[in-house]
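The following report looks at how two chains meet and at what lies inside them. Please view the sequence and the structure before reading on.

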Amino acid sequence: MSYVPTPSQTVGPFFSIGLSALYREKIECEPGEGKCVLIRGRVFDGDGQPVPDAVLEIWQACETAGGDCDQEPARREKIPLGFGRIATNERGEFQFNTVRPAPRRDEDGLLHAPHLVVVVLMRGLLRHLLTRIYFAGETANREDAVLNLVPPERQQTLLAEPTNERASELSWDIHLQGELETVFFEA
Amino acid sequence: MAKLPVFAKVIVGTQPEYLHPDYRSSVKRAPTRPLILLPHAFSERTGPVFGRDCVSATDRDLTAQHAGAPLGERIAVSGRVLDEGSRPVRGALVEAWQANAAGRYMHKMDQHNAPLDPNFSGCGRTLTDTDGRYQFLSIKPGAYPWGNHANAWRPAHIHFSIFGDGLLSRLVTQMYFPGDPLLALDPIYNSISSEKDKQRLISSFDLGTTTPDFALGYRFDIVLRGRDATPMEK
């Protein structure tokens with residue numbers, strides 16, 4: 001038997017009522033996995049105006065953080081590993097802390113450079129958007145199976161750029177439209 | 001490691017398009033360039049796993065979060081969360097939020113001139129059980145005006161947010177009520193081109209889950225993207 005997925009509808013302007021209890025600005029990963037980073041950015045609409053009512057969900061697929069569908073709910077972790085949820089403020093800004101992930105080779109042999117998956121929700125979006133954050137300067141980016149699907153001139157929209165010398169702070173903005181429109185994926 | 005769920009492509013017309021000009025807010029926020037087709041890799045086939053610690057037993061009763069009972073028509077909203085293979089999605093996190101019976105949200109940006117109810121926050125959260133079932137106890141939300149066009153009113157609705165197995169199962173939607181005359185006029189509801197698919201957002205009145213002398217029952221089943229890659233044994 002096959003069912004068609006339920007249609008999406010916008011998250012609307014008042015999502016904080018339902019979603020704020022699980023806001024997470026610090027993404028928990030397995031200890032000792034890598035370098036801690038702070039990623040900051042802003043969300044802009046088609047007029048270049050900041051979006052003060054967006055919510056981003058970050059997913060970082062640590063090996064241990066997902067896929068273990070057989071596990072009983074009672075044994076699951078309190079805060080899901082690898083998950084972040086951040087609302088933009090009145091200036092359209094967001095920020096979160098995480099651990100820079102390692103490159104990964106999938107079962108099919110494809111290389112994935114370090115990246116985070118981002119789900120973008122807001123009033124005006126009837127379906128959420130899906131994008132990825134990569135790290136500027138990472139050598140594995142050249143071989144990444146997904147980045148190579150993106151036209152070269154648009155790849156930079158997916159790159160978080162370091163804003164300090166140690167590259168512990170990075171900047172990554174979302175442009176919903178316009179010349180700098182962020183690359184969004186259909187999956 | 002357990003098998004990861006598999007995801008079919010989205011069938012055109014069963015989901016809203018990003019740009020739906022009748023819904024004014026989509027005009028400056030919908031992407032304008034074609035989306036890039038993404039292979040379903042580990043990152044998309046896995047997703048956050050929420051535990052029972054993320055919800056408490058009282059989170060699914062929106063009528064019992066304050067000193068007094070909220071005003072309004074008491075309702076029990078229940079249903080099943082299923083995958084595309086019609087199997088129950090177990091332990092799915094279901095978050096819900098809504099306006100009060102007067103059509104006002106407990107939110108600083110809601111300026112609608114209708115009374116707040118000090119006994120109603122409008123926030124619920126639960127996990128599905130082993131049959132994929134969830135249930136909320138609440139009050140029926142009111143319709144409310146919004147600025148989309150002249151004399152625009154949103155039909156009564158409850159917002160739902162669900163995490164199933166794998167990030168691609170992520171769904172945020174709205175549940176409506178049967179017989180609402182505002183549905184035909186609502187650009188958000190009508191952003192789905194297929195008549196049959198949009199009607200799936202309308203809950204059904206259910207005498208079976210109606211509690212005598214207490215609450216009206218509404219059923220709302222939800223189908224998430226994805227299919228369990230490890231079929232249950234017969």
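S12(A) and strand S1 (residues 36–37) of chain B pair in the parallel sense over 2 bridges, where strands are DSSP runs (E, at least two residues), helices are H or I runs of at least four residues, both numbered from the N terminus, and pairing requires at least two DSSP bridges. Within this pair, A:Glu186 stands opposite B:Leu37. The model is predicted, so that local features need pLDDT of at least 70 and side-chain atom pairs count only at pLDDT 80 or more, while totals for chains, interfaces and linings use all residues. Residues are numbered from 1 along each chain as its sequence is written, and chains are lettered from A and ligands numbered from 1 in the order in which they are written.

The contact between the chains (C-beta atoms, placed from the backbone, within 7 Å) takes 68 residues from chain A and 76 residues from chain B. On the side of chain A that touches chain B, S7(A) gives the largest share, 5 residues, and the classes are as follows.

| Class, chain A side | Residues |
|---|---|
| Nonpolar (Ala, Val, Leu, Ile, Met, Phe, Trp, Tyr, Cys, Pro) | 38 residues |
| Polar (the others, Gly among them) | 17 residues |

In chain B, 4 strands form an open antiparallel sheet in the order S4-S3-S8-S9, with strand S4 (123–127) and strand S9 (171–176) at its edges. Strand S3 (residues 93–98) of chain B is joined to S4(B) by 5 bridges, and B:Ala96 has B:Gly124 as its bridge partner there.

Note on methods. Two residues are in contact if their C-beta atoms, placed from the backbone, lie within 7 Å.
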